[in-house]
Structure formats: C-alpha cells, structure tokens
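Here is a walk through one protein model. Take it part by part, with the structure open beside the text.

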Amino acid sequence: MAERKTVEVIVEKQVKIPKKKTAKDPKVTEKRKILFVASEARPFIATGGLADVIGSLPQALAKDPTYDIRVVLPLYSEIKPEWRRKLAFLGDIYVPLSWRNQYCGIFTCVQDGVTFYFIDNEYYFKRPNCYGYYDDGERFAYFSRSVMEILPFIDFYPDVLHCHDWQAALAAIYLKTEYCKRPEYQFIRALFTIHNIEYQGKFSMDILGDLFGIKQEDASLLEYQGSINLMKGAIECCERFSTVSPTYAKEIKTAQYAHGLQDIIAKNESKLTGILNGIDVCSYDPSTDGALFKNYDAENLDGKRVCKKELQKMLGLPEKDVPVIAMISRLVSHKGLDLVKAVAEDMLHEDVQFVLLGTGESSYENYFKDLASRYEGKVSANIAFNGDLSRKIYSGADIFLMPSVSEPCGLSQMIASRYATVPVVRETGGLYDSIKPYGAGGNGFTFASCNPYDMLYVIHEALDAYKNTEAWKDLMKKAATTDFSWQRSAEDYKKLYEDTYTSWQ
Ligand code: GLC
C-alpha cells in the first residue's frame, strides 16, 4: 500500500513539473534527442523495407546539427563479420524481464553521423534468422526492456523514443506503464511507427506477467479480442503514432486494411499521422551504383541500354529490344501476385520479357518457376533475395510492376523510378502517394481496383507508350527526376517529433 502511494505522488508531481524548453527556444542550446528502436537497419541487417528506413531516415535527420539521433538494434549473429568488426564493446548490464535477470552486452558504432547501439545476448539473438521462432515474443520483450535499461548506462535520455513495428512496441508500453514513473525518464515521449499493420505481435494472455512482466492492472492496455496485441498496446500507450504514407494512414481506419485494428485506430485517430518514406538517393544512384553494368543518369540514359542487354544476357533471355517488365517482391499475397497469376499468360502474348526476383510462399515460388519453364526465353524467375541482382534488374528493366493489394509505402517503386524504370502500380497506400498516372502528366501508370483486367489494361497502356521512343524517354526522365529523397519527409518527421515531445496526455 505504502509503495503504491509513493508512485501516485511521483506521477502527480511529474504532471506539475514545467515542461523542458524545446530546441527552438533560442536560450536552449541542447539538441533534440531521438532514440530509434527497431529490429533491423541497413547496412547491418535487413530482411525488408523497415531496414531501409532505419538505415536512411536517421542519417537524413542527423544532417541537422540541432538533432542528436541514435538507434538501438539487436546484435543478431547474422550481422556480417565486416560490420561486427566495427563495433566497440561499451560494457554490460543485467536486464530484469519478469522473474528473469538476463545478460545484456552493449556494443556501439557511428555510421554516417548516427550512433548505433547493439543489444547482445546470444541466447536470444544467436540464431540463423531474425524472426520466426516460438519465443519471438520473449526475444523482443527482452530487447525492448533492454532499451529502457541501457539509458542510464549510455547516459542518453531521449526526448522522443521512436519505436518501429511490433518488435519495438513494448518499449513504448514499458515507458508508459513503468519507467515514466522514474524521474530521469519522465520527460521521454513515445512515437510509434507502423510499417505494416498486418504484423501486430499477437500472443496468448497467459504470458502477460510471466514473460512480458506486465502487471494485471495494465492488462487492458495490451488486451485485444482475447489476446495480447503489442501493436494495439503501443498505439494506446504512445503520445503519437504514425505510418509510412498519408494514404495508408487513411486506409488503416477501415476494416479492409486494418487487419482488425480499425476500432483502435479510430479511437486514437487524433494521434495519427502519415509521412511518406524516402529512399537513400546516394546508395540508389544509377550514376555511381557499382552493381550496374554501366552507369547512367536522367540526362544521359544511354548506359541503361547496356544495362538491359547485359541483364538479358545474364538471365538467358534473348538480347532483343522488347519491353522488359520486372517485379522485385516478397512473394506473398498482399503484393498482388494473384492479379499477376490471373493475367500473366495474356501479358506474355505480347512481345515482352518478364523478370521476377523474390522469395516467399512456396505456391507462388512454384508458380513462377513453372511459368519460366513454359515460357523459356520470355520469363526469368529468380527465386532469391539478392541485392546485387535487384540493382541490375532495377537498371536493366523498362517497366516495374507493383500491383499490391495493400502497400503501406513501398520502396521498390521509388528505386525503380530513380533508375528510370517506369512503374505500373495499384493505387493504394504509398503507391498512390508516390506514382501519378501518365495520362495526367505523371511519372508512371496506375490502376484503382484489385481487378487483374484493370491491371492488364494499364500494362497495355504502358506497352503502347513504350513504342513512342521520344515520349517514353521523357517519361523515363520524369520518373528518374521525381524527388524521393528523405529531405522532404525528414522535415515532416521533425515537426512530428516536436508535436510528440510537446504533447502530454
Ligand atoms: C513495410 C511495408 C512497406 C514499407 C516498408 C518501410 O515493409 O510493407 O510498404 O515501404 O515497411 O516502411
């Protein structure tokens, strides 16, 4: 009882304490401190688009000298030795996780002006893959708690704790349910970013106390439809939450896109923003990219022809001047692969070549392998995750197909554009926000409904446009010069950080 009273007194006090002045105040020289919490980041470890964002947004923000940007990641054994060698050991602590007390080694390095910290525990992270284990809940609970526990050790109490996806959701939840009661943590505000609402971190209620160390009185924050739902918990606990495009921010208010969370999104709507991702335009630069057969830029696209010929040669396709349509995608249904399956053979009636790169569900992998064997010399199916080949395809193809059923942001359409490969996309999420229809003076081709024949219709439109060499060249230039850099979005994030920091619920 006595203990409870103390907590209440602290909470009361905390609300009354005047807010720290913002960096905008001329009298305050202190930097705005942001700590990213995420489960992957390039160049260290990548399984998807999240790693691209965590490997480029912090760097873009760090260019502003009034910001101190740091990132925490798990130290997976999968991180390649060339990166591991760059890490310095800072020390170790023990992290309480319910009744457990777990070792936590802390490593660090500075990459492009951003300080990275790595949480080392071989029991949790010495595994062949980043995700997909029976104890993923425990692994990322440990990671999230470690993030909260290392702050005194690294002497960095951020203004905004920026947590990404369900793997980092518990950091925002622990902050709200526990750590904010400690004086050093009381000014930290949480921003939670959803990169894909499909993956929510759902677990049985049985493990709430025993694994996550959450008290029964806080259960309702995490509970949703009879299970623990970490994404729901973070949405409830954070001061602000965001997603990776303005259109996806609208879409997730509807049952069609929200994977069951629409009511929670609606309830917390006033805290929600959508900011379109950018890409790392230095890494994805056709004029310098070392993976390309020949470099080129928007002003002189000659090298792209070499890239196409060499790609055809490499993939065993005839070196003909026919449109090369490419897809680089995880092979899962929300990427719109059923639309492709429905009309692939109609598309292949045309004089085109089709190149696919990706891995995923075996039914799709088998479908594309079979298609390639039946359309030898027209279809190349590369069932792999290969960064070098992806860059050769981005540069060597003419048309980039991305018919996603849902797409929070999508980065491939931006990378393809940068390499002057014209996107054909479905109008959803970030695809809608980044690609505008050619007919209306835009930078690609778009279709609205999830209908394979609507997709086929715009593919034909693109193939027709391709025949008009001059007009196509202009379209390639338009795609290649669309600004997908982080600069604009970084400004929006800075506004969101200010808004998050100056809020208090
Ligand atoms: C997820 C989304 C993708 C987005 C990426 C980075 O992978 O599915 O649309 O671009 O996160 O935010």
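This is a predicted model: local features need pLDDT of at least 70, side-chain atom pairs count only at pLDDT 80 or more; totals for chains, interfaces and linings use all residues.

Residues are numbered from 1 along each chain as its sequence is written, and side-chain values use heavy atoms, with hydrogens and water left out.

Begin with the domains. The domain assignment gives domain 1 (32–231) and domain 2 (302–483); such bounds come from an automatic or database assignment. Eight residues from domain 1 and five residues from domain 2 make the contact, where contact means heavy atoms within 4.5 Å. The C-alpha centres of domain 1 and domain 2 lie 35 Å apart.

How much area do domain 1 and domain 2 bury between them? The figure is about 510 Å², with 57% of it on carbon and sulfur atoms. Buried area is the accessible area (1.4 Å probe) that two parts lose on being put together, summed over both. On the domain 1 side, Thr47, Asn196 and Tyr199 lose the most area to domain 2. Together they account for 45% of what that side buries.

Now turn to Gly213. Look for Gly213 in the loop between α8 (207–210) and α9 (219–222). Helices (H or I, at least four residues) and strands (E, at least two) are DSSP runs, numbered from the N terminus. Gly213 touches Ser98, Arg145 and Leu208, leaving out residues up to four places away in sequence. Arg100 is 113 residues from Gly213 along the chain, yet their C-alpha atoms are separated by 9.4 Å. Gly213 counts as partly exposed because its relative accessibility is 24%. Buried means under 20% relative accessible area, exposed over 50%, and partly exposed in between (1.4 Å probe, protein chains only).

Is Thr500 buried or exposed? Thr500 counts as buried, because its relative accessibility is 0%. Thr500 lies in helix α22 (residues 486–501). Its contacts beyond four places in sequence include Val160, Arg189 and Glu239.

Finish with Phe293. Phe293 sits in the loop between β12 (272–274) and α14 (302–315). Phe293 is partly exposed, with a relative accessible area of 32%.
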